[in-house]
Amino acid sequence: MKTQKFEKFIESLSTTFVPVVAKTFTKEDYVPIDLSETNQDFMKLDISSSDAYEKYIKAYVEIHGAKVAYGGYNEVRAMYRRSTHFNQQDPETERNIHLGLDIWCDAGTTILSPLQGKIHSFKNNDHYGDYGPTIVLEHMIQDITFHTLYGHLSLASLSGIKTGQYIKAGQTIATLGDASVNGDYAPHLHFQIIKDMQGYVGDYPGVSNKRDLDFYLDNCPDPNVLLKI
């Protein structure tokens, strides 16, 4: 299915705001946040420290009278340069363009599946700067199969689950992890829609380089066409 058609299909699956973190948060509780290289205030921080930007995000949310910050799709970020996992040597192959939607809230926050499906795979991607505990769901709707990925979870989220397990829309599937297990980030959910998993299991690239960006934007449309935050 071509990009525009697939994105329109995803968009058609919801007509209003769909929560993917705690049901107690309403759409009005969310505020967009820019963590790109163009945000000079953020760039002044020591981004090697998850504590420093966790404080920044919490202060930003409070100043805006919100409870949750979100954003990051197709955003160029400097924060990945702290980790060799993202191949920082060459500007063309350095992976620094974000492919999912980040939702920044407290560790321990419940994570919900916005759609019915089944567990495709799960894994602790424990490289420094990686997802940490991750769950991938498979969805088949109107004979179209696609996937959603949930990264930066708690270790407990991977306990007691199994491949093929049925998941209801709105069901709690996990909780958010903290910096000690989530790749050393401020607590947040990385939520990504994936058309073709390309054989990946419990993992899928969530950050692209310039060279491969067109492919990944085609395979991973903006998650907010579904969530409508």
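Strand E8 (residues 144-151) pairs with strand E11 (residues 188-194) in the antiparallel sense, over five bridges. Strands here are DSSP runs of E with at least two residues, helices are runs of H or I with at least four, and both are numbered from the N terminus; two strands count as paired if DSSP finds at least two bridges between them. The model is a predicted one, with local features needing pLDDT of at least 70 and side-chain atom pairs counting only at pLDDT 80 or more, while totals for chains, interfaces and linings use all residues. Residues are numbered from 1 along each chain as its sequence is written, and side-chain values use heavy atoms, with hydrogens and water left out.

Back to the pair itself: His147 has Ile194 as its bridge partner in E11, and Tyr150 has Phe191. E11 also pairs with strand E4 (residues 101-104), again in the antiparallel sense, this time over four bridges. There, Trp104 stands opposite His188. Zooming out, the open sheet has eight strands in the order E1-E2-E4-E11-E8-E7-E6-E9, with mixed pairing. Its edges are strand E1 (30-32) and strand E9 (166-167), each of which pairs on one side only.

In a regular strand, side chains alternate between the two faces of the sheet. E11 is covered on both: His188, His190, Gln192 and Ile194 on one side, and Leu189, Phe191 and Ile193 on the other, are all buried, where buried means under 20% relative accessible area, exposed over 50%, and partly exposed in between (1.4 Å probe, protein chains only). E2 runs parallel to E1, joined by three bridges, and Val31 has Ala69 as its bridge partner. On E4, the bridge partner of Ala69 is Trp104, within an antiparallel pairing of E2 and E4 over three bridges.

Next, the packing. Leaving aside neighbours within four places in sequence, Ile111 is in contact (heavy atoms within 4.5 Å) with Val20, Val21, Tyr150, Leu153 and Leu189, among others.

Asn219 sits in helix H4 (residues 213-219). Asn219 counts as buried because its relative accessibility is 3%. Not counting residues up to four places away in sequence, Asn219 touches Ile193, Ile194, Lys195, Asp196, Gln198 and Tyr204.

Finally, Trp104 turns up in the lining of the second largest pocket, along with residues including Phe25, Cys105, Asp106 and Pro187. Helix H3 (residues 50-63) gives the most to that lining, with four residues. A pocket is an open set of points on a 1 Å grid over the protein atoms alone, where a 1.4 Å probe fits, with protein on both sides within 12 Å along at least five of seven lines; lining residues have an atom within 4 Å of a point.
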